[in-house]
Amino acid sequence: MARRTRIAQLLFVTKSGGTYTVSGWVRSIRVSGDVAFIVLNDGSNLSGIQLVLERSRLPEFETLCRIGTGAALQAGGELTDSPAAGQRFELRVTDVSVVGDAAPDYPLQKKRHSFEYLRSIAHLRPRTNTFGAVFRLRSRLAQAIHRFFGERDFLYVHTPIITASDCEGAGELFRVTTLPPNSAPRNEGGEIDFSRDFFAQKTGLTVSGQLEGELFAQAFGDIYTFGPTFRAENSNTPRHAAEFWMIEPEMAFADLADDADLAEEFVRFMCLFALEACGEEMAFFDQHIEKGVMERVHSVAEAEFVRMDYTEAIRHLEKAPVAFQYPVHWGLDLQTEHERYLTEQVVGGPVFVLNYPKDIKAFYMRRNDDGRTVAAMDLLVPKVGEIIGGSQREERLDLLERRMQELAIAREPLWWYLDSRRWGSSPHAGFGLGFERLIMYLSGMENIRDVIPFPRTPRHAEF
RNA sequence: UCCCCAGUAGCUCAGUCGGUAGAGCGGGUGACUGUUAAUCACCAUGUCCGUGGUUCGAGUCCGCGCUGGGGAGCCA
């Protein structure tokens, strides 16, 4: 096939002239007497390009007027200034071929569709304006994440997808097994004998790469993971999916304050990146998805991130002139309503809540000297609440083992994790960030199913 | 998993007091020398989510189920 020019690249020129070939899919076709207009989009940008087809120049004009919305087209012609409003340039077509026609029952109409309907045709929705913008943003953000950590000499580590450690309490695991479901071998007690499974033990899909990440941090200093994560929770909300991507940096020789500094720098970097590198998409979100999203993202990038102790946060909530559904007291895990009140009403911007009661946090978090809190942090932002959760990890073997005992977490399966505290254990800290929640935050999209190409949620694994 | 709401044409929805189904968009056909979700005219389209019940009669009322959405919990 003829060499094609990406439409985004083509429209980047400063003046008309020159002949080009573009390939893409028909978004709209308008016929008016002896001239027809086709908006062709190749996914490289939002606008696409207007093709101008003239009866006098194209012998196949009549047939071309009958192609359907959604058809694949390759068109060559001259780039000219457009005499009409709506676009700067257009392509005056001299040569065109219908690569793949589209029948009139093409499900994407030239009108607004509900996100619910578009989810049912997830194989076609990337051809819409909204999902084009979402997935271009997603792709660029993914690359920006590597850039952020790469520039800071963080080592990118691929932690395992299949894992045997399920003792983090981070959520239900999807089981990975090759045992036959109906005739799995049993032991004497009648239970399934996983010693005869593929890995000779019970295994599942990872719920977090953190524990393995810590091991690499104890060798490379600063590391990060960025990969798929799985939770078999029956969560039916716009913010949860069974398969999502998580970013987990981990730093050796670092404490909770260093951790918060990194998180702040990271969020600021992503906000600025979205505004600068995805301007067309952000403008689209601002206009069609969430009015004011650009201003919101901009203000977060500019804001000073407040740091507040959990105990102080509770004091603020206790004297809040609002009736919370969950009454506030020290020891309570903050609910979404509390988090949003803190970031939206008390602070009016991003806020780190630090040093939570130990009983509401995970076993690996470092015990503070007061004996009742741990060095944990959550970053709360307006509109969504928690966007980042992290902590300084317990690097003292005796305290870690004692905590595991208190929580009845078996030590044997985590012998390697405990070993990292035995030789050259250093204070270290890290955090976890759900990639999709970052995309939602930056785009204003309100449902996680609409920022994942083919989302996996309870009862949904099609496509 | 719990609570609330919804399910009617391809899509988005209306449907009054229970009386046998409509609009806009999309699609088809035609008109139109430059359109911008083009415009204008004409045409076609229904398992009213399923199931059981109440009733002379159910899209409409009631029970159960399924599906979707929102909220909560869990969390990222």
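Predicted model: local features only at pLDDT ≥ 70, side-chain atom pairs only at ≥ 80, totals over all residues.
RNA strand B is surrounded by 47 residues, and S32, T237, Q335, R437 and H460 are the closest. Of the RNA strand B atoms that come within 4 Å of the protein, sugar and phosphate account for 53%. By class, this surface consists of 19 polar, 15 nonpolar and 13 charged residues. At least two residues of the surface come from each of the elements β1 (19-32), β2 (35-41), α3 (115-120) and β11 (243-252). The largest contribution is that of β1, with four residues.

At the phosphate, an oxygen of RNA strand B lies 2.7 Å from a polar side-chain atom of R30. A base nitrogen of RNA strand B lies 3.1 Å from a backbone N or O atom of V31. For H113, a polar side-chain atom is placed 3.1 Å from a sugar or linking oxygen of RNA strand B.

Helix α8 spans residues 293-302, and its buried residues are V293, R296, V297, V300 and A301. Viewed down the axis of α8, these buried residues fall within an arc of 135°, and therefore they line one face of the helix. E295 and E302 are exposed on the other side of α8. The cover over the buried residues of α8 includes the helices α6 (256-277), α7 (279-288) and α13 (435-443).

Key: Residues numbered from 1 in each chain as written. Chains lettered and ligands numbered in written order. Heavy atoms only, no water. Near = heavy atom within 4 Å. Polar contact = N/O pair within 3.5 Å; in protein donor to acceptor, adjacent residues only side chain to side chain. Nonpolar A, V, L, I, M, F, W, Y, C, P; charged D, E, K, R; others polar. Buried < 20%, exposed > 50% of the residue type's maximum accessible area, 1.4 Å probe, protein only. Arc of directions from axis to C-beta. Contact = heavy atoms within 4.5 Å.
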